[in-house]
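Please read it alongside the sequence and the model shown here.

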Amino acid sequence: GGGGAAMYAGLQELGVANGEDLKETLTNCTEPLKAIEQFQTENGVLLPSLQSALPFLDLHGTPRLEFHQSVFDELREKLLERVSAIALEGKVEERYKKLEDLLEKSFSLVKMPSIQPVVMCVMKHLPKVPEKKLKLVMADKDLYKACAVEVKRQIWQDNQALFGDEVSPLLKQYILEKENILFSNEISVLNNFFSPSPKARRQGEVVQKLTQMIGKNVKLYDMVLQFLRTLFLRTRNVHYCTLRAELLMSLHDLEISEICTVDPCHKFTWCLDACIREKFVDNKRARELQGFLDGVKKGQEQVLGDLSMILCDPFAINTLALSTIRHLQDLVGQDTLPRESPDLLLLLRMLSLGQGAWDMIDSQVFKEPKMEVELITKFLPMLMSFVVDDHTFNVDQKLPSEEKGPIPYPSTIPEAFTKFLQDNRIACEIGLYYILHITKQRNKNAFLRLLPGLVETFSDLAFGDIFLHLLTGNLTLLGDEFALEEFCTSLFDGFFLTACSRKENVHRHVLRLLLHLHHKVAPAKLESLQKALEPNKQSGEPVKELYNQLTEKLELRKPSPAEVTETPSMELPLPTVPTPASR
């Protein structure tokens, strides 16, 4: 039969009889039983001790096939063990010579399912499988699938397109996983996008698979980096920068020196990784990082493109920005100006390099971006003055008030602040982190004062997913303020709703926030928000899905018609008790 033919493919070339031979023997013979016995003797297991045992097995009803199969499985196991042993013993040239001879002999049987594992095992242990064999494997989908990753690496390194096809779905999956975290329905200040440690993130499925695919192969590592650069350029998606750093550090964890020693970013990334773990750049590490940046030699400027991509990783930006805010607070206490703090200047230098990554890789002009003097002389001192305003206000609150009455919180926002957020990328990034900082401190006054500055920002950064993910988390700490009309109007009408119709992602984040906090929002406000946030024809599935979830939650909160009709004749409003489901 045809199925049987595949099972025994290649046996004839080796002079081994197969099913076809037996058929031929039987058609041309006079005594079929004798012929079968003859065939069994010639092609059975040639061990004298077995000749007498076989009839005994026949008596017990054990089919010959089953017996031969078990002998065969046993032999195959032994052979596989032997191949693995050969790969480790004797002089290098000799052992590979042995394996190559074995491959020559066995390759014609590679289509036999029973023999295939042995052939694959031989190839797996050969550092260089002959080109001709690799081509045959590549041309056959099933063989390619069955190959060990060690053999696939040899195929991939000369076939970038094929390697790209293997890597591409993993990169898509990675980006999707990141976006799912940013849009997750769980909103919490303690458990957010930046909570997992670098080491935990590197255990992720995609990083582990890519690490496995690359092995110790520098050529494949370079190809993956090239894919990441190209995709980052094409999409501006910063998660590719995260993956660039995670991949390098995953190889670092495994001590793959073949790759780590040739990646010029290795030591810088390692040091930065430790900062990200602590969510802070301490002075000792700051010096070390500065040393790497100052050490970029003439003629090697291209490394700045790689370093900028490492610094553009949102986890790096987050660490640098949080450290900048901490430094500014310390400077207020020390009465020191930003330009007098070398540590702060270094943080700004790294932020600039990270934020300039896309332009640098796009233009292929490898030099550090110029720092705008006004950022240091005007913008940062302005943030420090906000910190001072808060101190002053808090002290005033505590003083016994004489005739003068309570001092109001400064409500106006300096025009320069708004302008910096619109025109300067670094100022905008630091400004947004300052707003996250005051929200986390539950400083409602400062939040409402600066919020209008977020409506128009550099490249719409305030409507980016990472910022909105963090902001929605921090706003849960101000939950009680949502009962106040004024607070809701500033936050929703003044900020979120200005962008909802033109930015689908903002629409999603507002709905996420309301799903979490709807029971805190003043009922009248909730009703108008529900109308304003209704999806339109252009809305995507995620928005519709969230809106439906919100509508269901709000339905559960409404009192049932029965309760409404039984109101006593005096028309006293019943206090609405939230149902457990809305919690």
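## Helices and buried positions

Helix α19 (residues 303-312) is mostly covered, with 10 of its 10 residues buried, where buried means under 20% relative accessible area, exposed over 50% and partly exposed in between (1.4 Å probe, protein chains only). Its buried residues are Val303, Leu304, Gly305, Asp306, Leu307, Ser308, Met309, Ile310, Leu311 and Cys312. Helices here are DSSP runs (H or I, at least four residues), numbered from the N terminus.

The model is predicted, so local features need pLDDT of at least 70 and side-chain atom pairs count only at pLDDT 80 or more, whereas totals for chains, interfaces and linings use all residues. Residues are numbered from 1 along each chain as its sequence is written, and side-chain values use heavy atoms, with hydrogens and water left out.

Helix α14 (residues 218-235) has 18 residues, which at 1.5 Å a residue should span 26 Å, and its end C-alpha atoms are 26 Å apart, in agreement; the expected span is 1.5 Å times one less than the number of residues. At the N-terminal end, α14 is capped by Asn217, a side-chain oxygen of which lies 2.9 Å from the backbone nitrogen of Lys219. After α14 comes Arg236, with a positive phi near 60 degrees. The buried residues of α14 include Leu220, Tyr221, Val224, Phe227 and Leu231.

Helix α20 (residues 314-334) packs against helix α25 (residues 425-440) at an angle of about 70 degrees, their axes being 10 Å apart; axes are lines fitted to C-alpha atoms over the stretch in contact, and angles run from 0 to 180 degrees between N-to-C directions. This makes α20 roughly perpendicular to α25, a term that covers 65 to 115 degrees.

Asn505 lies in helix α29 (residues 504-517) and is buried, with a relative accessible area of 16%. Two distances describe its side chain, the second being a polar contact (a pair of N or O atoms within 3.5 Å, one able to donate a hydrogen and the other to accept it; residues adjacent in sequence count only if both atoms are side-chain atoms).

| Partner of the Asn505 side chain | Distance |
|---|---|
| Asp465, side chain | 2.8 Å |

Leu461, in the loop between α26 (444-450) and α27 (465-475), counts as buried at 17% relative accessibility. The C-alpha atoms of Leu461 and Arg425 are separated by 8.6 Å, although the two lie 36 residues apart along the chain.

Notes
Helices (H or I, at least four residues) and strands (E, at least two) are DSSP runs, numbered from the N terminus. Angles under 35 degrees count as roughly parallel, over 145 as roughly antiparallel, 65 to 115 as roughly perpendicular and the rest as oblique.
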